[in-house]
Amino acid sequence: MNYLNHVLLSSIVVVDSSIWEGLSMAFVILEACQTEKAGECTTVCPVDCIEEGPDQFYIDPDICIDCAACQAVCPVDAIEEEYDLTPEQEVFLEKAEAFFANK
Ligand code: SF4
Ligand code: SF4
């Protein structure tokens, strides 16, 4: 492959991955978890991306594959898709990002 083709191919890959990041969504655990917190969600996650924090469980937004298995088993409806968060709930995504960034 010559240099020009390599540069063009690299640009396509970069554009594609940025589009994917913009489209991919994670699930987010909300405040209701803090009162139950038995961890049922961790037993069904196929990518093992849910961990217990000091106040509630958190989903790693960089690993979650958006399968919804955890949402189906949560007894207190504490799990929402990122896409459906209200402005007031956005803080729980920020808390999850901070939790995994500090690990
Ligand atoms: S199943 Fe729901 S309440 Fe239980 S730990 Fe998971 S998110 Fe929290
Ligand atoms: S949506 Fe699927 S991958 Fe994401 S945290 Fe829940 S069970 Fe795990």
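This note sets out numbered points on the structure shown above.

1. **Basis of the model.** This is a predicted model, in which local features need pLDDT of at least 70 and side-chain atom pairs count only at pLDDT 80 or more, while totals for chains, interfaces and linings use all residues. Residues are numbered from 1 along each chain as its sequence is written, and chains are lettered from A and ligands numbered from 1 in the order in which they are written.

2. **Confidence.** The term pLDDT denotes the predictor's confidence in each residue, from 0 to 100. The protein chain has an average pLDDT of 85, and 78% of the residues score at least 70. Over residues 3-21, however, pLDDT stays under 50, and the model has one contact beyond four places in sequence for them. Two residues are in contact if their C-beta atoms, placed from the backbone, lie within 7 Å. Where pLDDT is low, the predicted coordinates should not be read in detail.

3. **Secondary structure.** Three helices and four strands are found in the protein chain, and their order from the N terminus is α-β-β-β-α-β-α. Helices (H or I, at least four residues) and strands (E, at least two) are DSSP runs, numbered from the N terminus.

4. Of the 103 residues in the protein chain, 20% are buried. A residue is buried if 20 or more other C-beta atoms lie within 10 Å of its own, exposed if 12 or fewer, and partly exposed in between, with C-beta atoms placed from the backbone. Among contacts in the protein chain with a separation of 6 or more, 71% join residues 24 or more positions apart.

5. **Ligand 1.** There are 14 residues around ligand 1, and C33, E36, E40, C41 and C74 come nearest. A residue is near a molecule if its C-beta atom, placed from the backbone, lies within 6 Å of it. This shell has 10 nonpolar, one polar and three charged residues. Ala, Val, Leu, Ile, Met, Phe, Trp, Tyr, Cys and Pro count as nonpolar, Asp, Glu, Lys and Arg as charged, and the others, Gly among them, as polar.

6. **Residue E36.** E36 lies in the loop between β1 (27-29) and β2 (50-52). E36 counts as partly exposed because it has 14 C-beta neighbours inside 10 Å. Leaving aside residues up to four places away in sequence, E36 touches P75 and V76.

7. **Ligand 2.** Around ligand 2 there are also 14 residues, of which C45, C64, C67, A69 and C70 come nearest. The shell around ligand 2 comprises 13 nonpolar, no polar and one charged residues.

8. **Residue V91.** V91 belongs to helix α3 (residues 90-101). With 13 C-beta neighbours inside 10 Å, V91 is classed as partly exposed.
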